[in-house]
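Me: I have a structure open and a few things to ask about it. Can we go through some residues together?
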Amino acid sequence: GESVGLHLPTLSVQEGDNSIINCAYSNSASDYFIWYKQESGKGPQFIIDIRSNMDKRQGQRVTVLLNKTVKHLSLQIAATQPGDSAVYFCAEHNQGGKLIFGQGTELSVKP
Amino acid sequence: GAGVSQSPSNKVTEKGKDVELRCDPISGHTALYWYRQRLGQGLEFLIYFQGNSAPDKSGLPSDRFSAERTGESVSTLTIQRTQQEDSAVYLCASSRQGGPETQYFGPGTRLLVL
């Protein structure tokens, strides 16, 4: 699997602040990237995606940035709310049809 | 239903027993995926079905694991002779065609092997 260890990286932010969650991906041939949010006891939920021919995509309160030069993906959440508290996973698609998931980052929002 | 459903939601079994997990994908989705998620970790790919093509089984951890899919409908993941290290959440996802597109996840089955 792609995950190592039992403890996810954690990001703690104050309610109302902006959050930035980072992800390094492994394959320079990956053509599609996606961010998922996973709340405790639930399956991953789609947030936003981006294709490799783009470097930025915006959604509602979320922005994904793709830097193919350094194989880096980030998720920016504006005006973070307590409901944003969850584990966030990035995933990349390369040849073969399946997504490869990153380790995940736990976002904790302090009221 | 509107989303991916999985059953059972929780399963407790004894070491050495076989278990069968079920996934109902979104209607019309030709691609179906199984993942395993251990506590506090990311998603580990297990197997991928795409239409009538031979499934990609490259993620199955041992020959105790197998999966079937009936056409473009229900899939079952079977774990034979369960071991304690099989304890995890098993997640199913589906997508319209497979490949570079959004996968929609079910709530998962939480398996505990005693």
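Me: B:R64, is that buried or exposed?
Reply: B:R64 counts as buried because its relative accessibility is 12%. Buried means under 20% relative accessible area, exposed means over 50%, and partly exposed is in between, using a 1.4 Å probe and protein chains only.
Me: Before I go on, what kind of model is this?
Reply: This is a predicted model, where local features need pLDDT of at least 70, side-chain atom pairs count only at pLDDT 80 or more, and totals for chains, interfaces and linings use all residues. Residues are numbered from 1 along each chain as its sequence is written, chains are lettered from A and ligands numbered from 1 in the order in which they are written, and side-chain values use heavy atoms, with hydrogens and water left out.
Me: Ok, where is B:R64 found?
Reply: B:R64 is in the loop between β5 (43–50) and β6 (65–69) of chain B. Strands are DSSP runs of E, at least two residues, numbered from the N terminus.
Me: What does B:R64 touch?
Reply: Not counting residues up to four places away in sequence, B:R64 touches B:T78, B:I79, B:Q80, B:R81, B:T82, B:Q83 and B:D86. Contact here means heavy atoms within 4.5 Å.
Me: And which backbone oxygen lies 3.2 Å from a polar atom of the B:R64 side chain?
Reply: That of B:R81.
Me: Switching to B:L112. Where is that one?
Reply: B:L112 sits in strand β10 (residues 109–113) of chain B. B:L112 has a relative accessible area of 41%, so it is partly exposed.
Me: What is B:L112 in contact with?
Reply: With neighbours within four places in sequence left aside, B:L112 is in contact with B:K11, B:V12, B:T13 and B:S87.
Me: Next, the peptide bond from B:S7 to B:P8: cis or trans?
Reply: The bond is cis, with omega near -10°. Most peptide bonds are trans. B:P8 is found in the loop between β1 (5–7) and β2 (10–13) of chain B.
Me: Over to chain A. What is phi of A:K71?
Reply: Phi of A:K71 is near 55°, which is positive, and the residue is not glycine. Most residues other than glycine have a negative phi. A:K71 lies in the loop between β6 (62–67) and β7 (72–77) of chain A.
Me: And phi of A:A79?
Reply: A:A79 has a positive phi too, near 50°. A:A79 is in the loop between β7 and β8 (86–93) of chain A, and is partly exposed because its relative accessible area is 36%.

Key: Helix = DSSP H or I, 4+ residues; strand = E, 2+ residues; numbered from the N terminus. Polar contact = N/O pair within 3.5 Å; in protein donor to acceptor, adjacent residues only side chain to side chain.
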